[in-house]
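I opened my notebook to record what I looked up in this structure, beginning with the ligand and moving on to the pocket and the aromatic rings.

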Amino acid sequence: MQMSQALVDLAPLVPAGTRMVIVHGVATSTRQRLASLLPEATVHDLTDLADLADTAGTSGRAGAEPPVGADVAAGAGPVHGAGPVRGAEATAGAGLAAGADLAVMEVASHVGQARIAAELLKLAYHLREGAVLLVVTARRLGSARQLNTLEGMFGAAEVAQRSGSAVVLRAVRGPEVRATADATAAAPTVEAHLLGYDLRFTTGAGLFSKSRIDDGTRLLIEALPPDHNWLDVLDLGCGYGPIGVAVASRWPQVRVAMADIDPAAVSAARTNAGLNGVGERCQAHLSDGTSALADRRFDAVLSHLPTHVPKSTLARLIDESANVLRPGGELIAVTASAVDLRDRIASTFGAVEVLAESQAGTTPPYRVVHAVKTEQPRR
Ligand SMILES: C[S@@+](CC[C@H](N)C(=O)[O-])C[C@H]1O[C@@H](n2cnc3c(N)ncnc32)[C@H](O)[C@@H]1O
(Lines give C-alpha, C1' and ligand atoms only; values in the text may rest on other atoms or scores of the structure.)
Protein backbone atom coordinates (compact mmCIF):
# COMPACT_ATOMS: atom_id res chain seq x y z
CA MET A 1 0.00 0.00 0.00
CA GLN A 2 1.56 3.28 -1.04
CA MET A 3 -0.36 5.75 1.11
CA SER A 4 0.75 6.53 4.63
CA GLN A 5 -0.76 3.42 6.11
CA ALA A 6 1.98 3.32 8.70
CA LEU A 7 0.05 6.16 10.35
CA VAL A 8 -3.04 4.05 10.84
CA ASP A 9 -3.30 2.51 14.26
CA LEU A 10 -5.29 -0.67 13.91
CA ALA A 11 -4.89 -1.63 17.56
CA PRO A 12 -7.99 0.16 18.93
CA LEU A 13 -10.09 -1.05 15.98
CA VAL A 14 -9.37 -4.75 16.29
CA PRO A 15 -12.08 -6.41 18.41
CA ALA A 16 -10.97 -8.37 21.44
CA GLY A 17 -11.33 -12.11 21.05
CA THR A 18 -10.77 -12.08 17.28
CA ARG A 19 -9.79 -15.58 16.21
CA MET A 20 -10.26 -15.49 12.50
CA VAL A 21 -9.35 -12.64 10.16
CA ILE A 22 -9.89 -12.26 6.47
CA VAL A 23 -7.82 -9.76 4.54
CA HIS A 24 -8.02 -8.37 1.04
CA GLY A 25 -5.40 -6.32 -0.77
CA VAL A 26 -3.50 -5.56 2.41
CA ALA A 27 0.17 -4.66 2.40
CA THR A 28 2.64 -7.01 4.03
CA SER A 29 3.17 -4.42 6.78
CA THR A 30 -0.55 -4.44 7.62
CA ARG A 31 -0.60 -8.20 7.68
CA GLN A 32 2.38 -8.17 10.03
CA ARG A 33 0.69 -5.65 12.32
CA LEU A 34 -2.42 -7.81 12.43
CA ALA A 35 -0.34 -10.85 13.23
CA SER A 36 1.38 -9.07 16.12
CA LEU A 37 -1.91 -7.69 17.45
CA LEU A 38 -3.63 -11.06 17.12
CA PRO A 39 -0.99 -13.73 17.66
CA GLU A 40 -3.63 -16.41 18.22
CA ALA A 41 -5.70 -15.60 15.16
CA THR A 42 -5.60 -17.24 11.74
CA VAL A 43 -5.45 -14.87 8.81
CA HIS A 44 -6.91 -15.82 5.43
CA ASP A 45 -6.61 -13.97 2.17
CA LEU A 46 -9.91 -13.44 0.35
CA THR A 47 -8.29 -14.56 -2.88
CA ASP A 48 -7.46 -17.95 -1.41
CA LEU A 49 -10.95 -18.66 -0.13
CA ALA A 50 -13.61 -20.69 -1.83
CA ASP A 51 -15.69 -18.48 -4.00
CA LEU A 52 -19.38 -18.10 -3.66
CA ALA A 53 -20.15 -20.28 -6.63
CA ASP A 54 -18.23 -23.05 -4.88
CA THR A 55 -20.39 -22.75 -1.81
CA ALA A 56 -23.42 -22.92 -4.06
CA GLY A 57 -22.39 -26.45 -4.82
CA THR A 58 -21.02 -25.96 -8.29
CA SER A 59 -17.71 -27.50 -7.29
CA GLY A 60 -19.37 -30.47 -5.75
CA ARG A 61 -19.55 -29.33 -2.15
CA ALA A 62 -22.86 -30.41 -0.71
CA GLY A 63 -25.07 -28.91 1.91
CA ALA A 64 -24.31 -25.24 1.58
CA GLU A 65 -27.02 -23.03 0.22
CA PRO A 66 -25.90 -19.98 -1.70
CA PRO A 67 -26.60 -16.90 0.34
CA VAL A 68 -29.17 -14.68 -1.30
CA GLY A 69 -27.44 -11.63 -2.68
CA ALA A 70 -24.01 -13.18 -2.38
CA ASP A 71 -24.46 -14.88 -5.72
CA VAL A 72 -24.75 -11.40 -7.09
CA ALA A 73 -21.28 -10.66 -5.82
CA ALA A 74 -19.89 -13.74 -7.44
CA GLY A 75 -21.99 -13.29 -10.54
CA ALA A 76 -23.13 -16.87 -10.09
CA GLY A 77 -26.57 -16.11 -11.37
CA PRO A 78 -28.68 -13.40 -12.86
CA VAL A 79 -28.43 -10.12 -11.09
CA HIS A 80 -31.53 -9.89 -8.97
CA GLY A 81 -31.01 -6.81 -6.94
CA ALA A 82 -30.45 -6.35 -3.29
CA GLY A 83 -31.09 -9.21 -0.95
CA PRO A 84 -30.03 -10.26 2.50
CA VAL A 85 -26.94 -12.38 2.95
CA ARG A 86 -28.17 -15.00 5.34
CA GLY A 87 -26.34 -15.80 8.53
CA ALA A 88 -23.94 -18.50 9.53
CA GLU A 89 -26.50 -21.25 9.74
CA ALA A 90 -27.16 -21.04 6.03
CA THR A 91 -23.52 -21.38 5.10
CA ALA A 92 -22.12 -23.60 7.81
CA GLY A 93 -19.71 -26.11 6.40
CA ALA A 94 -18.89 -23.97 3.39
CA GLY A 95 -15.24 -23.28 4.19
CA LEU A 96 -14.67 -20.01 5.94
CA ALA A 97 -17.97 -18.51 4.81
CA ALA A 98 -19.66 -16.63 7.66
CA GLY A 99 -16.88 -17.60 10.06
CA ALA A 100 -14.54 -14.62 10.32
CA ASP A 101 -14.54 -12.14 13.22
CA LEU A 102 -12.72 -9.38 11.40
CA ALA A 103 -12.11 -8.37 7.80
CA VAL A 104 -9.55 -5.81 6.71
CA MET A 105 -9.40 -4.47 3.19
CA GLU A 106 -7.02 -1.88 1.82
CA VAL A 107 -7.97 0.18 -1.18
CA ALA A 108 -4.66 1.22 -2.66
CA SER A 109 -5.54 2.80 -5.96
CA HIS A 110 -8.41 3.92 -8.16
CA VAL A 111 -9.88 0.53 -9.00
CA GLY A 112 -13.45 1.77 -9.38
CA GLN A 113 -16.29 1.76 -6.90
CA ALA A 114 -18.10 -1.12 -8.56
CA ARG A 115 -15.17 -3.41 -8.02
CA ILE A 116 -14.65 -2.23 -4.45
CA ALA A 117 -18.33 -2.83 -3.74
CA ALA A 118 -18.21 -6.33 -5.20
CA GLU A 119 -15.16 -7.16 -3.11
CA LEU A 120 -16.77 -5.77 0.03
CA LEU A 121 -19.75 -8.00 -0.60
CA LYS A 122 -17.50 -11.03 -0.89
CA LEU A 123 -15.81 -10.10 2.37
CA ALA A 124 -19.18 -9.65 4.07
CA TYR A 125 -20.16 -13.12 3.00
CA HIS A 126 -17.32 -14.58 5.05
CA LEU A 127 -18.09 -12.56 8.20
CA ARG A 128 -20.16 -13.84 11.08
CA GLU A 129 -22.92 -11.64 12.45
CA GLY A 130 -21.38 -9.05 14.78
CA ALA A 131 -18.00 -9.21 13.01
CA VAL A 132 -16.16 -6.02 12.13
CA LEU A 133 -15.13 -4.87 8.66
CA LEU A 134 -12.37 -2.27 8.35
CA VAL A 135 -11.60 -0.52 5.07
CA VAL A 136 -8.30 1.30 5.00
CA THR A 137 -8.31 3.90 2.26
CA ALA A 138 -7.72 7.58 1.54
CA ARG A 139 -9.92 10.57 0.84
CA ARG A 140 -8.41 10.96 -2.61
CA LEU A 141 -9.48 7.39 -3.36
CA GLY A 142 -13.14 8.14 -2.76
CA SER A 143 -13.50 7.21 0.89
CA ALA A 144 -16.84 9.07 1.03
CA ARG A 145 -18.26 6.84 -1.70
CA GLN A 146 -16.92 3.80 0.01
CA LEU A 147 -18.58 4.92 3.22
CA ASN A 148 -21.87 5.22 1.29
CA THR A 149 -21.42 1.74 -0.11
CA LEU A 150 -20.74 0.34 3.37
CA GLU A 151 -23.83 2.10 4.73
CA GLY A 152 -25.90 0.63 1.91
CA MET A 153 -24.61 -2.87 2.57
CA PHE A 154 -24.46 -2.95 6.34
CA GLY A 155 -27.09 -0.35 7.33
CA ALA A 156 -24.53 1.76 9.16
CA ALA A 157 -20.84 2.60 8.88
CA GLU A 158 -18.50 5.23 10.27
CA VAL A 159 -15.15 6.88 9.80
CA ALA A 160 -13.31 5.19 12.63
CA GLN A 161 -9.95 6.86 12.17
CA ARG A 162 -8.22 9.54 10.14
CA SER A 163 -4.50 9.81 10.09
CA GLY A 164 -2.66 11.90 7.55
CA SER A 165 -4.10 10.98 4.18
CA ALA A 166 -5.38 7.64 5.45
CA VAL A 167 -8.97 6.97 6.49
CA VAL A 168 -10.27 3.85 8.16
CA LEU A 169 -13.95 3.03 7.66
CA ARG A 170 -15.69 0.62 9.96
CA ALA A 171 -18.91 -1.37 9.69
CA VAL A 172 -20.38 -4.17 11.76
CA ARG A 173 -22.08 -7.05 10.04
CA GLY A 174 -25.68 -7.31 11.12
CA PRO A 175 -28.15 -10.12 10.41
CA GLU A 176 -28.26 -9.16 6.76
CA VAL A 177 -26.09 -7.55 4.16
CA ARG A 178 -27.60 -5.84 1.16
CA ALA A 179 -26.02 -6.08 -2.28
CA THR A 180 -25.85 -2.45 -3.35
CA ALA A 181 -26.44 -1.37 -6.91
CA ASP A 182 -22.76 -0.65 -7.50
CA ALA A 183 -21.84 -4.17 -6.37
CA THR A 184 -24.34 -5.79 -8.68
CA ALA A 185 -23.17 -3.64 -11.57
CA ALA A 186 -19.69 -5.02 -10.96
CA ALA A 187 -20.55 -8.56 -11.88
CA PRO A 188 -21.80 -8.77 -15.44
CA THR A 189 -22.13 -12.22 -16.91
CA VAL A 190 -20.70 -13.16 -20.30
CA GLU A 191 -22.16 -16.12 -22.15
CA ALA A 192 -20.17 -17.62 -24.99
CA HIS A 193 -20.04 -20.66 -27.24
CA LEU A 194 -16.40 -21.77 -27.17
CA LEU A 195 -14.92 -25.00 -28.54
CA GLY A 196 -18.44 -26.39 -28.89
CA TYR A 197 -19.49 -25.61 -25.32
CA ASP A 198 -21.95 -23.06 -23.98
CA LEU A 199 -20.02 -21.38 -21.22
CA ARG A 200 -20.88 -18.69 -18.73
CA PHE A 201 -18.47 -16.32 -17.09
CA THR A 202 -18.91 -13.93 -14.26
CA THR A 203 -16.62 -10.98 -14.86
CA GLY A 204 -16.24 -7.76 -12.93
CA ALA A 205 -15.32 -4.12 -13.04
CA GLY A 206 -11.72 -3.62 -14.00
CA LEU A 207 -11.25 -7.02 -15.61
CA PHE A 208 -10.07 -7.34 -19.19
CA SER A 209 -12.97 -7.46 -21.69
CA LYS A 210 -15.57 -7.74 -18.97
CA SER A 211 -18.62 -7.54 -21.25
CA ARG A 212 -17.70 -9.98 -24.00
CA ILE A 213 -15.09 -12.52 -24.98
CA ASP A 214 -12.36 -10.46 -26.57
CA ASP A 215 -11.72 -11.03 -30.30
CA GLY A 216 -8.07 -11.90 -29.66
CA THR A 217 -9.03 -14.39 -26.96
CA ARG A 218 -11.55 -16.02 -29.29
CA LEU A 219 -9.00 -16.12 -32.11
CA LEU A 220 -6.55 -17.95 -29.85
CA ILE A 221 -9.18 -20.42 -28.62
CA GLU A 222 -10.32 -21.18 -32.17
CA ALA A 223 -6.71 -21.63 -33.34
CA LEU A 224 -5.96 -24.36 -30.79
CA PRO A 225 -5.03 -27.67 -32.40
CA PRO A 226 -7.99 -30.05 -32.21
CA ASP A 227 -5.72 -33.03 -31.57
CA HIS A 228 -2.91 -32.96 -29.06
CA ASN A 229 -1.56 -34.92 -26.11
CA TRP A 230 -1.69 -32.15 -23.55
CA LEU A 231 -2.25 -33.13 -19.96
CA ASP A 232 -1.11 -29.99 -18.18
CA VAL A 233 -1.92 -26.58 -19.58
CA LEU A 234 -1.13 -23.14 -18.19
CA ASP A 235 -3.39 -20.20 -19.01
CA LEU A 236 -0.98 -17.35 -18.29
CA GLY A 237 -2.70 -14.01 -17.59
CA CYS A 238 -6.02 -15.79 -17.31
CA GLY A 239 -8.27 -12.80 -16.58
CA TYR A 240 -11.68 -14.21 -15.69
CA GLY A 241 -10.66 -17.50 -17.28
CA PRO A 242 -12.16 -17.86 -20.77
CA ILE A 243 -9.17 -19.69 -22.23
CA GLY A 244 -8.55 -22.05 -19.32
CA VAL A 245 -12.21 -22.84 -18.77
CA ALA A 246 -12.82 -23.47 -22.48
CA VAL A 247 -9.81 -25.81 -22.69
CA ALA A 248 -10.81 -27.74 -19.56
CA SER A 249 -14.37 -28.05 -20.90
CA ARG A 250 -13.32 -29.30 -24.33
CA TRP A 251 -10.57 -31.72 -23.26
CA PRO A 252 -11.54 -33.67 -20.14
CA GLN A 253 -8.08 -35.22 -19.79
CA VAL A 254 -6.46 -31.81 -19.39
CA ARG A 255 -5.61 -30.20 -16.05
CA VAL A 256 -5.46 -26.43 -16.33
CA ALA A 257 -3.60 -23.96 -14.15
CA MET A 258 -4.80 -20.40 -14.59
CA ALA A 259 -2.51 -17.61 -13.37
CA ASP A 260 -2.98 -13.89 -13.07
CA ILE A 261 -1.36 -11.08 -11.13
CA ASP A 262 -4.74 -9.48 -10.41
CA PRO A 263 -6.53 -10.92 -7.35
CA ALA A 264 -9.94 -9.99 -8.80
CA ALA A 265 -9.15 -11.90 -11.99
CA VAL A 266 -8.02 -14.94 -10.02
CA SER A 267 -11.17 -14.83 -7.95
CA ALA A 268 -13.38 -14.57 -11.06
CA ALA A 269 -11.46 -17.33 -12.86
CA ARG A 270 -11.93 -19.62 -9.87
CA THR A 271 -15.62 -18.84 -9.76
CA ASN A 272 -15.94 -19.49 -13.48
CA ALA A 273 -14.19 -22.84 -13.34
CA GLY A 274 -16.76 -23.88 -10.74
CA LEU A 275 -19.67 -22.34 -12.64
CA ASN A 276 -18.79 -24.38 -15.72
CA GLY A 277 -18.25 -27.62 -13.85
CA VAL A 278 -14.48 -27.85 -14.33
CA GLY A 279 -13.38 -26.56 -10.93
CA GLU A 280 -11.68 -29.84 -10.05
CA ARG A 281 -9.35 -29.68 -13.05
CA CYS A 282 -9.00 -25.98 -13.57
CA GLN A 283 -7.41 -24.04 -10.76
CA ALA A 284 -6.60 -20.37 -10.49
CA HIS A 285 -3.46 -18.98 -8.88
CA LEU A 286 -2.42 -15.51 -7.90
CA SER A 287 0.91 -15.25 -9.64
CA ASP A 288 3.22 -12.70 -11.18
CA GLY A 289 4.10 -14.56 -14.36
CA THR A 290 4.79 -18.14 -13.40
CA SER A 291 6.23 -17.28 -9.97
CA ALA A 292 3.60 -19.28 -8.08
CA LEU A 293 3.98 -22.22 -10.47
CA ALA A 294 7.69 -22.27 -11.14
CA ASP A 295 7.99 -25.88 -9.93
CA ARG A 296 5.20 -27.13 -12.21
CA ARG A 297 5.70 -28.30 -15.78
CA PHE A 298 3.23 -27.92 -18.62
CA ASP A 299 2.61 -29.34 -22.07
CA ALA A 300 1.21 -26.04 -23.29
CA VAL A 301 1.22 -22.43 -22.18
CA LEU A 302 -1.68 -20.49 -23.62
CA SER A 303 -1.72 -16.76 -23.17
CA HIS A 304 -3.50 -13.68 -24.27
CA LEU A 305 -0.48 -11.66 -23.25
CA PRO A 306 -0.97 -8.38 -21.46
CA THR A 307 0.18 -5.50 -23.59
CA HIS A 308 -0.12 -2.59 -21.17
CA VAL A 309 2.98 -3.75 -19.38
CA PRO A 310 6.63 -2.88 -19.92
CA LYS A 311 8.44 -4.72 -22.73
CA SER A 312 10.70 -6.24 -20.11
CA THR A 313 7.65 -7.85 -18.46
CA LEU A 314 6.51 -9.33 -21.76
CA ALA A 315 10.02 -10.67 -22.35
CA ARG A 316 9.99 -12.18 -18.87
CA LEU A 317 6.60 -13.82 -19.46
CA ILE A 318 7.93 -15.39 -22.67
CA ASP A 319 11.06 -16.69 -20.92
CA GLU A 320 9.09 -17.96 -17.95
CA SER A 321 6.73 -19.77 -20.32
CA ALA A 322 9.69 -21.55 -21.85
CA ASN A 323 10.99 -22.45 -18.40
CA VAL A 324 7.78 -24.14 -17.28
CA LEU A 325 7.24 -26.04 -20.54
CA ARG A 326 8.29 -29.66 -20.84
CA PRO A 327 10.50 -30.46 -23.84
CA GLY A 328 8.14 -30.54 -26.82
CA GLY A 329 5.76 -28.24 -24.98
CA GLU A 330 4.00 -25.50 -26.90
CA LEU A 331 3.52 -21.79 -26.38
CA ILE A 332 0.43 -20.40 -28.07
CA ALA A 333 0.05 -16.69 -27.52
CA VAL A 334 -2.05 -13.89 -28.91
CA THR A 335 -1.37 -10.19 -28.97
CA ALA A 336 -2.65 -7.25 -30.93
CA SER A 337 -0.78 -7.43 -34.24
CA ALA A 338 0.85 -4.09 -33.52
CA VAL A 339 2.69 -5.73 -30.63
CA ASP A 340 4.88 -8.02 -32.68
CA LEU A 341 6.64 -10.41 -30.33
CA ARG A 342 7.76 -12.90 -32.95
CA ASP A 343 11.45 -12.00 -32.80
CA ARG A 344 11.43 -12.02 -29.05
CA ILE A 345 9.70 -15.42 -28.91
CA ALA A 346 12.04 -16.81 -31.56
CA SER A 347 15.02 -15.64 -29.56
CA THR A 348 13.88 -17.82 -26.65
CA PHE A 349 12.33 -20.76 -28.48
CA GLY A 350 14.46 -20.83 -31.64
CA ALA A 351 11.51 -20.49 -34.03
CA VAL A 352 8.00 -19.13 -34.12
CA GLU A 353 5.13 -19.49 -36.56
CA VAL A 354 1.86 -17.66 -37.07
CA LEU A 355 -1.16 -19.81 -36.29
CA ALA A 356 -3.91 -17.33 -37.03
CA GLU A 357 -4.56 -13.69 -37.81
CA SER A 358 -7.70 -11.62 -37.51
CA GLN A 359 -9.84 -11.17 -40.53
CA ALA A 360 -9.45 -7.84 -42.25
CA GLY A 361 -11.52 -5.16 -40.58
CA THR A 362 -11.20 -6.47 -37.02
CA THR A 363 -10.14 -3.70 -34.69
CA PRO A 364 -7.62 -4.14 -33.30
CA PRO A 365 -6.26 -6.93 -35.46
CA TYR A 366 -4.72 -9.82 -33.56
CA ARG A 367 -2.08 -12.41 -34.30
CA VAL A 368 -1.78 -15.85 -32.71
CA VAL A 369 1.71 -17.31 -32.64
CA HIS A 370 3.04 -20.75 -31.84
CA ALA A 371 6.43 -21.90 -30.62
CA VAL A 372 7.72 -25.27 -29.46
CA LYS A 373 10.27 -25.90 -26.78
CA THR A 374 12.66 -28.19 -28.56
CA GLU A 375 15.53 -27.95 -26.12
CA GLN A 376 16.54 -26.01 -23.07
CA PRO A 377 15.37 -22.43 -23.60
CA ARG A 378 18.14 -20.21 -24.87
CA ARG A 379 17.66 -17.56 -22.18
C1 LIG B 1 -5.08 -9.29 -22.28
S2 LIG B 1 -5.58 -9.83 -20.66
C3 LIG B 1 -6.16 -11.47 -21.01
C4 LIG B 1 -7.15 -11.97 -20.01
C5 LIG B 1 -7.80 -13.31 -20.38
N6 LIG B 1 -6.81 -14.34 -20.63
C7 LIG B 1 -8.67 -13.15 -21.59
O8 LIG B 1 -8.25 -13.62 -22.66
O9 LIG B 1 -9.76 -12.56 -21.49
C10 LIG B 1 -4.03 -10.07 -19.86
C11 LIG B 1 -4.09 -10.54 -18.41
O12 LIG B 1 -2.76 -10.67 -17.93
C13 LIG B 1 -2.72 -10.29 -16.58
N14 LIG B 1 -1.34 -9.92 -16.25
C15 LIG B 1 -0.69 -8.75 -16.46
N16 LIG B 1 0.56 -8.83 -15.99
C17 LIG B 1 0.72 -10.07 -15.49
C18 LIG B 1 1.79 -10.74 -14.86
N19 LIG B 1 2.97 -10.14 -14.66
N20 LIG B 1 1.60 -12.00 -14.44
C21 LIG B 1 0.41 -12.63 -14.62
N22 LIG B 1 -0.65 -12.03 -15.21
C23 LIG B 1 -0.49 -10.76 -15.65
C24 LIG B 1 -3.70 -9.16 -16.49
O25 LIG B 1 -4.14 -8.97 -15.15
C26 LIG B 1 -4.79 -9.61 -17.44
O27 LIG B 1 -5.80 -10.31 -16.75
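Which of the 17 residues around the ligand come nearest? I noted first that I am working with a predicted model, and in it I found that Thr217, Gly237, Asp260, Asp288 and Gly289 come nearest to the ligand.

I then looked up polar distances to the ligand. For Thr217, an N or O atom of the side chain is 2.6 Å from an oxygen atom of the ligand. Gly237 uses its backbone instead, with an N or O atom that lies 2.7 Å from a ligand nitrogen atom, and for Cys238 I noted a polar backbone atom 3.2 Å from a nitrogen atom of the ligand.

Next I turned to the largest pocket, which holds about 760 Å³ of space. It is lined by 36 residues, of which Gly237, Asp260, His304, Leu305 and Pro306 are the closest to its centre. I listed β9, α9, β10 and α11 (311-324) as the elements that give two or more residues to this lining, and α11 gives the most, with three residues. Sorted by class, I have 18 nonpolar, eleven polar and seven charged residues in the lining.

Last, I looked up aromatic pairs and found two. Trp230 lies in the loop between α8 (215-223) and β9 (232-236), and Trp251 in the loop between α9 (242-250) and β10 (255-260), so the pair ties together parts 21 residues apart in sequence. I recorded both Trp230 and Trp251 as buried.

Definitions and conventions: Residues are numbered from 1 along each chain as its sequence is written. This is a predicted model: local features need pLDDT of at least 70, side-chain atom pairs count only at pLDDT 80 or more; totals for chains, interfaces and linings use all residues. Side-chain values use heavy atoms; hydrogens and water are left out. Rings of Phe, Tyr and Trp (its six-membered ring) pair if their centres lie within 6.5 Å; planes under 30 degrees apart count as stacked, over 60 as edge-to-face and the rest as tilted. Helices (H or I, at least four residues) and strands (E, at least two) are DSSP runs, numbered from the N terminus. Buried means under 20% relative accessible area, exposed over 50%, partly exposed in between (1.4 Å probe, protein chains only). On a 1 Å grid over the protein atoms alone, a cavity is a set of points where a 1.4 Å probe fits but cannot get out, and a pocket is an open set with protein on both sides within 12 Å along at least five of seven lines; lining residues have an atom within 4 Å of a point. Grid points are joined across faces, edges and corners, and a volume is the space filled by probe spheres set on the points. Ala, Val, Leu, Ile, Met, Phe, Trp, Tyr, Cys and Pro count as nonpolar, Asp, Glu, Lys and Arg as charged, and the others, Gly among them, as polar. A residue is near a molecule or strand if one of its heavy atoms lies within 4 Å of it. A polar contact is a pair of N or O atoms within 3.5 Å; within protein, one must be able to donate a hydrogen and the other to accept it, and residues adjacent in sequence count only if both atoms are side-chain atoms.
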